[in-house]
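Dear colleague,

Please find below the structure I am handing over to you. My findings follow directly after it.

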Amino acid sequence: MRKVYVVSLVIVGMLFMQAAPVMAWQGGQEENLIVNPGFESGGVNNWSVWQISDTVSDKESYSGDYSADISLSGGVEFGGLVQDIAYKGMSPGDSFEASVWIKTVELHNTNAVLKMEFFDDTWTATGDAAESKIIGGDTDWTKVSISGTVPAQTTKVNFILGLWNWGAAEDGKAYFDDAFCRPSLAR
Ligand SMILES: [Ca+2]
């Protein structure tokens, strides 16, 4: 149903295109700003590794053959896999929608989360981070989503597949697959 709705929007948009360029964002409607979103390269290529033990699993996946298989490095409170997506077209004022599938195994005292953080050129936060609901314990593949608007002055957008333990002893692991982010059609 969603695809049909999006296609309908595109057709309606094209009908009005002659009168006025109503579609602010010109990319393909199914375009994903995340590179290697499903880890089908067989590695964490294109992701920055931040304070985690990272690998990919060919035993667990939501789709395809692989997923990211991550756990926190010893003694740290948070970490994850990160992509800076600002340079690809996430600008201040853009609405966005993002999601990822998460599976956790014996993830005790630690939670898995999808998070987006916004910074200016000096790495000062330009607004509140957008954060999904958290997943922990033994949880089968679950989709988490976030949406929002890129704050003014933002030049860097970090898309984070994260683990947080808030200082407790870390344990367990999380799998992430099919990461997704795009600007929304409506502003
Ligand atoms: Ca995959």
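Asn46 sits in the loop that connects α1 (2-17) to β1 (48-50). The model is a predicted one, and in it the phi angle of Asn46 is near 75°, a positive value in a residue that is not glycine. Asn46 has 13 C-beta neighbours inside 10 Å and therefore counts as partly exposed, since a buried residue would need 20 or more and an exposed one 12 or fewer.

Gln153 also deserves a look. Its phi is positive, at about 75°, although Gln153 is not a glycine. The residue belongs to the loop between β7 (135-149) and β8 (156-164). Because 13 other C-beta atoms lie within 10 Å, Gln153 is partly exposed.

A further loop position is Glu77, located between β3 (67-72) and β4 (78-84). Glu77 is classed as partly exposed because it has 14 C-beta neighbours inside 10 Å. Its C-alpha atom lies 8.9 Å from that of Gln51, while 26 residues separate Glu77 and Gln51 in sequence.

The protein has 187 residues, of which 35% count as buried. Of the contacts between residues at least 6 apart in sequence, 75% join residues at least 24 apart.

With kind regards

Note on methods:
Residues numbered from 1 in each chain as written. Predicted model: local features only at pLDDT ≥ 70, side-chain atom pairs only at ≥ 80, totals over all residues. Helix = DSSP H or I, 4+ residues; strand = E, 2+ residues; numbered from the N terminus. Contact = placed C-beta atoms within 7 Å.
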